[in-house]
Amino acid sequence: MDSQTFREAAISSIDESKPTLPLLRPFINYFDTLPSRNVVSTVAPGYLRQLLPTSAPEEGESWPTIQSDIETKILPGITHWQHPGFHAFFPCATSYPSILGELYSAALSGACFNWICSPAVTELETIALDWLAQLLGLPECYLSAGPTRGGGVIQGSASEAVLTAMVAAREKYLRETIPSELEGDLRDDAVAMKRSKMVALATSMTHSSTKKAAIILGVRFMVIPVREEDGYALTKDVLEQALEDCKKRGLEPFFLTATLGTTDTCAVDDFGGIREALKEWDGEGEVWVHVDAAYAGAALVCEEVQRQVRIDLISGFHSFDMNMHKWLLTNFDASCLYVRDREWFVRALTVNQAVYENKQSEGGLVTDYREWQIPLGRRFRSLKVWFVLRSYGAKGLREYIRRTIKMGEDFAVCVGARADLFEVLTGPSFALTVFRVAGKNEEERNERTRRLYEGVNATGKIWVTSTQLDGRFAIRFMTGVRTTETKDVQAAFETLVEIAEGVVGCGHS
């Protein structure tokens, strides 16, 4: 959908009988003028308090007055994640169909925690997430009508998703390992003792959300170091060693986050090796495996990626999450969490109150998503998902992902061709390349890379982020933003070369 189609669709959505173009022009102009803006905001901390009144106005203000403050007061403090020069972190996507979905969702606002609160909100979410699961090639056990009564639910973020999964995993583990005949204080004491030994596992490359979830839930957390020779991925032998260490320490592992596309390098953990390592833990008291595919999961719309990562193997795991709001053209928030058996969520997260009662829910005829999440209320987030899936279609989404991956591969080729200046550390992997500046020793390479990193970001033309790999300071360069084109990547590379040559030249003098 281009800007003209968006203009027509938005006008028909708001009011066809009145001129609405002035309301839409700022949105369209924003995207049209993005290349002329600096990527990162340059305001000082506290800038906005100096520009705004100390209290709300007594009388309401006109819309033109309010709107004028967006450009003069708000936009200066915005870092532009949709900018073609945004190569930092991972994308935080949006698109015109997604914006229209938010427009309708805002108009139809409600706290739709039960089916009866708005049947379409629940049912569209179920259908749209089934569509998405099929596009991603997820095993049938994650579909709402699958053989294990699984399904998907939209969460606010991948961090919220991993916390939700860990709550369900904790409660499942306690049910399966504590004798059912225990009651009252005896059961409470047994639960307290068991929880003191339970440990959640993640690798040194796993996103910090797993550790935060363990802190929130009051369980232990253990980091499994991963190695450069394994591509910073979790392997069978490394996991087996970690499990053995747990046994020796008297700890009980109940949760593991496996990652499809780690934050630092976009590594993919060995799903087959993980299944092999956990074979002896199958059955009651098993280790819940949650797949965090927040960013790279979007690439599963491409069949070649499904085969590459062996996504079929996650049929033996418990939950899977990917963020459409990262790399799949849907604005924040749209984190799509799937579970193999919905009963695990329902048993862990259902808290009833008389005011929630209705015959559809009580009769077990419907899905109530309040039982699949930590909050009670929820927005109509599936509309934007539905709009994006229908507007782009599977073909359009695949073309977009493949285009951004190709730009990342081309960038890595350019970096590799300048071995006098750069060294590629990892990638390209899912439109991410990690590299550093060449030098005669580690200290010099780190110092040069840091200077390049700071110099490039100081230009305002592009934004990159850094990472540390075994003490090596490196730059992450990502090409997944919708507005980024080949010419933008080439311009960014030329900027990197220009500054790197200055850094290296200074080092020789």
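## Basis of the description

The model is predicted: local features need pLDDT of at least 70, side-chain atom pairs count only at pLDDT 80 or more, and totals for chains, interfaces and linings use all residues. Residues are numbered from 1 along each chain as its sequence is written, and side-chain values use heavy atoms, with hydrogens and water left out.

Helices (H or I, at least four residues) and strands (E, at least two) are DSSP runs, numbered from the N terminus. Two strands pair if DSSP finds at least two bridges between them.

## The seven-stranded sheet

An open sheet of mixed pairing is built from seven strands, in the order β1-β7-β6-β5-β4-β2-β3. At its edges lie β1 (151-155) and β3 (220-224), each of which pairs on one side only. On average, neighbouring strands are turned by 20° against each other, direction ignored; here axes are lines fitted to C-alpha atoms, for helices over the stretch in contact, and angles run from 0 to 180 degrees between N-to-C directions.

Strand β2 (residues 198-203) runs parallel to β3 and is joined to it by five bridges. Within this pair, Ala-200 has Phe-221 of β3 as its bridge partner.

## Helices across the sheet

Helix α7 (residues 158-177) lies across β1, β2, β4 (252-259), β5 (288-292), β6 (319-323) and β7 (335-339), at about 150° to β4. Helix α9 (residues 209-217) lies across β2, β3 and β4, and runs at about 160° to β3. The axes of α7 and α9 come within 9 Å and cross at roughly 50°. The two helices are therefore oblique to each other; angles under 35 degrees count as roughly parallel, over 145 as roughly antiparallel, 65 to 115 as roughly perpendicular and the rest as oblique. Contact (heavy atoms within 4.5 Å) involves residues including Val-162, Leu-163 and Met-166 of α7 and Ala-213, Ala-214 and Ile-216 of α9. By class, this contact has eight nonpolar, three polar and one charged residues, where Ala, Val, Leu, Ile, Met, Phe, Trp, Tyr, Cys and Pro count as nonpolar, Asp, Glu, Lys and Arg as charged, and the others, Gly among them, as polar.

Helix α7 also meets helix α8 (residues 184-195): their axes come within 11 Å and cross at roughly 120°. That angle makes α7 oblique to α8. Arg-170, Tyr-173, Leu-174 and Thr-177 in α7 meet Arg-187, Val-191, Lys-194 and Arg-195 in α8. The contact of α7 with α8 has three nonpolar, one polar and four charged residues.

## The four-stranded sheet

A further open sheet has four strands in the order β8-β9-β11-β10, with antiparallel pairing. Strands β8 (422-429) and β10 stand at the edges with a single partner strand each, so one side of each has no neighbour in the sheet. Neighbouring strands are turned by 30° against each other on average, direction ignored. Five bridges pair β8 with strand β9 (residues 432-437), and Glu-423 stands opposite Arg-436 in β9. Helix α16 (residues 382-417) packs on this sheet, touching β8, β9 and β11, and its direction makes about 160° with that of β8.

## The β10-β11 hairpin

Strands β10 and β11 form a hairpin with two residues between them, and Asp-470 in the turn has a positive phi of about 50°. Five bridges join β10 to the antiparallel strand β11 (residues 472-478), with Arg-472 as the bridge partner of Leu-469.
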